[in-house]
Amino acid sequence: QVQLVESGGGLVQAGGSLRLSCTASGNIFSIDAMGWYRQAPGKQRELVARITSGGSTNYGDSVKGRFTISRVNAKTTTYLQMNSLKPEDTAVYFCSYSIGNAWSPRYWGQGTQVTVSP
């Protein structure tokens, strides 16, 4: 089992910035991938960003150039730096953990709300 604890969500005006963090604990291996997904009301959960054990990154098209994912602390903590936020970025953001570098997450955090006002 892996536990994920997220923090850093909140309310921000359009154009502002937020940083989300997620720390993993439990049965962790350094070869596993971590990432962030988001889900807005009435919409499907979508990939925001992911980072592999080797540091390779992938981003959703809507956040490219604005969001940056990073991974520190023996790869147990991941950050999502969100800049130039837009109202359409409003969603619940979920930290994810994949076994190996698999695309499909095995574990999820509890979610943190990000609200961007116009």
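This is a predicted model: local features need pLDDT of at least 70, side-chain atom pairs count only at pLDDT 80 or more; totals for chains, interfaces and linings use all residues.
## The cavity

When the whole structure is searched, one cavity of 30 Å³ or more is found, and the volume of the largest cavity comes to about 30 Å³. The residues that line the largest cavity are A33, M34, G35, Y37, R50, S96, S98, W103 and P105.

Two strands, β4 (33-39) and β9 (91-98), each contribute at least two residues to this lining, and the largest share, four residues, is supplied by β4. Sorted by class, the lining of the largest cavity consists of five nonpolar, three polar and one charged residues.

## The disulfide

The count of disulfides in the model comes to one, and this link is formed by C22 and C95, whose sulfur atoms lie 2.0 Å apart. The pair joins distant parts of the chain, with C22 in strand β3 (residues 18-26) and C95 in strand β9, 73 residues apart. In general terms, a disulfide is a covalent bond between the sulfur atoms of two cysteines.

The link between C22 and C95 is left-handed, with an angle of -85° about the S-S bond, and both C22 and C95 are buried.

Key:
Residues are numbered from 1 along each chain as its sequence is written. Side-chain values use heavy atoms; hydrogens and water are left out. On a 1 Å grid over the protein atoms alone, a cavity is a set of points where a 1.4 Å probe fits but cannot get out, and a pocket is an open set with protein on both sides within 12 Å along at least five of seven lines; lining residues have an atom within 4 Å of a point. Grid points are joined across faces, edges and corners, and a volume is the space filled by probe spheres set on the points. Ala, Val, Leu, Ile, Met, Phe, Trp, Tyr, Cys and Pro count as nonpolar, Asp, Glu, Lys and Arg as charged, and the others, Gly among them, as polar. A disulfide is a pair of cysteine sulfur atoms within 2.5 Å. Buried means under 20% relative accessible area, exposed over 50%, partly exposed in between (1.4 Å probe, protein chains only).
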